[in-house]
Amino acid sequence: VLFLQIVHILNMTSAKIVSFLLHPEESLHSLQNRIEFETGISTGNQELLLETGICLDPRKPASQCVIDGVRGWDSYMVYLFDKSKTVYDGPFASRSLSDCVNYIVQDSKIQLPIPQLRKVWAEAVHYVIGLKEDYSRLFQGQRAAMLSLLRYNANLIKMKNNMVSASQQLKAKLEFFQQSIRLDLERYSDQMAYGISSEKMLKAWKEMEEKASQCAQAEDIGYLDEQIMALHTEIVELQKSPYARRQGEVMETLEQRAIDLYKQLKTRPPDQAYSDSTDMVKIIVQTVQSQDRVLKELFGHLSKLLGCKQKIIDLLPEIEVALNNIKEADNSVMQMQGKRQREIWHLLKIACTQSSSRSLVSSSLEGTASTPAATWLPQSSSGNSAPHPLSSLAAPEDGENFADVIQENMNYLELFSSILQEVRQEQSCMMVS
């Protein structure tokens, strides 16, 4: 018997406790099926929370409900919530009276012998203590719901921070990209008259600018931020609420009064004296009324907690969608930036090629026009020869003729023609792309 594992489940929708003997290596799903049979709550709607607000892990065995420790295995409770409900219809009916206690409640002035009265009052004290313990367990279930809500809220804050950070990064990248492409379009327009032009590339850049404006919609998360901030405010108010703290002081006082009355009765000699139960019945009635009041407050507060939790559950998928949209827009901006930079470098390559071809043409034309003149010009009267870019060429007196110079010019002309052909091909390829 000492090695048996018993799990106690407090059904928060009915305030009733159901206990189960756990089989060795029983799965949590098997336990949930048994809970469904006893409570009528389907396995899909069951939420099982420990005192710390941690939800039971379906991947672990059912023995996770029983925690070993100094408190003993029989003092832990698992709290059952119905996820399909956010409003709990408390308070519930108090525990039923025993026959003898109900007898004195019906007629508190009835005279009973002291020995018999001791037995009746002992059960009455037990009843008062039971009412207080019922409230304590339900309050602990409310506390578990609050801790669970705070765990969900922590996850919400983490996702919100990731969303805000991604939105800010996207905003910065969009501003940089839009400023860059506006500057590129201005500079491109300035050089079209004398430089390189490509209508297809210009159209692509303008489409990028429009697409960047559309991507800016993904960074708009203001509506989600407002909902999250409103939820934070609501949760803080729930934490500050007096109903979030234990309200059983009156019941504890009544419990002590009932115990003191019973102790006073025990000191009386067991003679043939009789006494009524007026004082004890007053305590019972006051305890029932106090429990009814605190349970009404407890379940009202619990419904607000569960409502906030459901709002968080509904918000999480929306934040996930917004985060995915931001990431897609970010990737789109980076791809457009990379494409635009590749096109700019391609333009730079064409410009450099054209510049090289122009320099080769000018140098070859200069050599063709100036060589004969330099060869046959007489020396100046001052005796100093004029500088010439082709001064390294051999003079006629070295034994070379003009045929060599003409052949060299022809070689330059063929090279220039091939360069022009390559430039035309690159320009045509760029227009196609």
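Modeller: R246 is partly exposed, because its relative accessibility is 30%; in these terms, buried means under 20% relative accessible area, exposed means over 50%, and partly exposed is in between (1.4 Å probe, protein chains only). This is a predicted model, in which local features need pLDDT of at least 70 and side-chain atom pairs count only at pLDDT 80 or more, while totals for chains, interfaces and linings use all residues. Residues are numbered from 1 along each chain as its sequence is written, and side-chain values use heavy atoms, with hydrogens and water left out.

The side chain of R246 forms a salt bridge with that of E252 at 3.3 Å, N to O; the term stands for a side-chain nitrogen of Lys or Arg within 4 Å of a carboxyl oxygen of Asp or Glu. E252 also counts as partly exposed, since its relative accessibility is 34%.

E252 belongs to helix α6, residues 249-267. Helices (H or I, at least four residues) and strands (E, at least two) are DSSP runs, numbered from the N terminus. Leaving aside residues up to four places away in sequence, E252 touches K132 and R246, where contact means heavy atoms within 4.5 Å. The C-alpha atom of E252 is 9.9 Å from that of L131, although 121 residues separate the two along the chain.

K132 has a charged partner of its own: its side chain meets that of E255 in a salt bridge of 3.1 Å, N to O. This pair links distant parts of the chain, with K132 in helix α3 (residues 114-191) and E255 in helix α6, 123 residues apart. K132 has 17% relative accessibility and therefore counts as buried; E255, at 12%, is therefore buried as well.

Over the whole structure, a search finds 11 salt bridges. One of them joins the side chains of E47 and K309 at 2.5 Å, N to O. Because E47 lies in strand β3 and K309 in helix α7 (residues 278-376), the pair ties together parts 262 residues apart in sequence. E47 has a relative accessible area of 8% and so is buried. K309 is at 5% relative accessibility, so this residue is buried too.

Just after α1 comes G40, with a positive phi of about 85 degrees.
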